[in-house]
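Subject: Structure for your review

Dear colleague,

Please find below the structure that I am handing over to you. My notes on what was found in it follow directly after.

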Amino acid sequence: MLQIIDFGHSERTTHRTAANDTSSRSHAICQIKVRDDKGKGIGKLLIVDLAGSERAQDTQSNNRQRRLEGAEINKSLLALKECIRALDTKSGHVPFRASKLTMVLRDSFLNPMSSKIVMIACINPGSSSADHTINTLRYA
């Protein structure tokens, strides 16, 4: 299994940006299906590593391609936020069709009673990162 995860990580798109030398330019999803001894599916674990959001003011020195990638990342993060908000408010409609990311996660949104969602946020305690940390905590 570790070999498969390493392969997936090696395929992930990263590029240098003004904020980060090895910035993730894509989300990564690891799906593990659990089956009983007869091969019947009994569960599924989705581990999602989200590419970080990017504020426009932090990306002005990036080239056009990096800015477009940042916009797409932000769009998918907003779509995920709206899906989680819909689940939290018990809305009858979860807008999972808003991005490829949320389409991949649609099973989790369609079966909220049998799904558990946990978010782990990476933050920086340094004062120079306070704005980013606050935004991350608000999102999480």
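E82 is partly exposed, with a relative accessibility of 30%, where "partly exposed" covers the range between buried (under 20% relative accessible area) and exposed (over 50%), computed with a 1.4 Å probe on protein chains only. Please note that this is a predicted model, in which local features need pLDDT of at least 70 and side-chain atom pairs count only at pLDDT 80 or more, while totals for chains, interfaces and linings use all residues. Residues are numbered from 1 along each chain as its sequence is written, and side-chain values use heavy atoms, with hydrogens and water left out.

E82 forms a salt bridge with R85, and the closest N and O atoms of the pair are 2.9 Å apart. The term salt bridge denotes a side-chain nitrogen of Lys or Arg within 4 Å of a carboxyl oxygen of Asp or Glu. E82 and R85 are three residues apart in helix α2 (residues 64–88), so about one helical turn separates them. R85 is likewise partly exposed, at 43% relative accessibility. Helices (H or I, at least four residues) and strands (E, at least two) are DSSP runs numbered from the N terminus.

By this rule the count comes to two salt bridges. D107 forms a salt bridge with K44, with 2.7 Å between the closest N and O atoms. This pair links distant parts of the chain: D107 belongs to helix α4 (residues 106–110) and K44 to strand β4 (residues 41–49), 63 residues apart. D107 is partly exposed at a relative accessible area of 36%, and K44 is partly exposed at 39%.

**Overall arrangement**

The protein has five helices and four strands. From the N terminus on, its elements run α-β-β-β-β-α-α-α-α. Of the 140 residues in the protein, 22% are buried. Among contacts (heavy atoms within 4.5 Å) with a separation of 6 or more, 38% are between residues 24 or more positions apart.

**S99 and T102**

S99 is found in the loop between α2 and α3 (100–104), whereas T102 lies in helix α3. S99 is buried, with a relative accessible area of 9%, and T102 is buried at 0% relative accessibility. The side chains of S99 and T102 are joined by a polar contact of 3.0 Å. A polar contact is a pair of N or O atoms within 3.5 Å; within protein, one must be able to donate a hydrogen and the other to accept it, and residues adjacent in sequence count only if both atoms are side-chain atoms. The side chain of S99 also reaches the backbone nitrogen of L101, at 3.4 Å.

Leaving aside residues up to four places away in sequence, S99 touches S76 and A79.

**Cysteines**

The structure holds zero disulfides, a disulfide being a pair of cysteine sulfur atoms within 2.5 Å. C83 is buried at 0% relative accessibility, whereas C122 is exposed at 74%.

**Two loop positions**

K90 lies in the loop between α2 and α3. K90 has a positive phi of about 55° although it is not a glycine, and K90 is exposed at 72% relative accessibility.

S115 is placed in the loop between α4 and α5 (130–139). S115 touches D107 and S108, again not counting residues up to four places away in sequence. The C-alpha atoms of S115 and G43 are separated by 9.8 Å, and these two residues are 72 apart along the chain.

**The second largest pocket**

The second largest pocket holds about 320 Å³ of space. It is lined by I4, I5, F7, G8, H9, R12, H27, A28, I29, C30, I47 and D49. The elements that give two or more residues to this lining are α1 (2–11), β3 (28–35) and β4. The largest share, five residues, comes from α1.

Grid points are joined across faces, edges and corners, and the volume is the space filled by probe spheres set on the points.

Yours sincerely

Key:
On a 1 Å grid over the protein atoms alone, a cavity is a set of points where a 1.4 Å probe fits but cannot get out, and a pocket is an open set with protein on both sides within 12 Å along at least five of seven lines; lining residues have an atom within 4 Å of a point.
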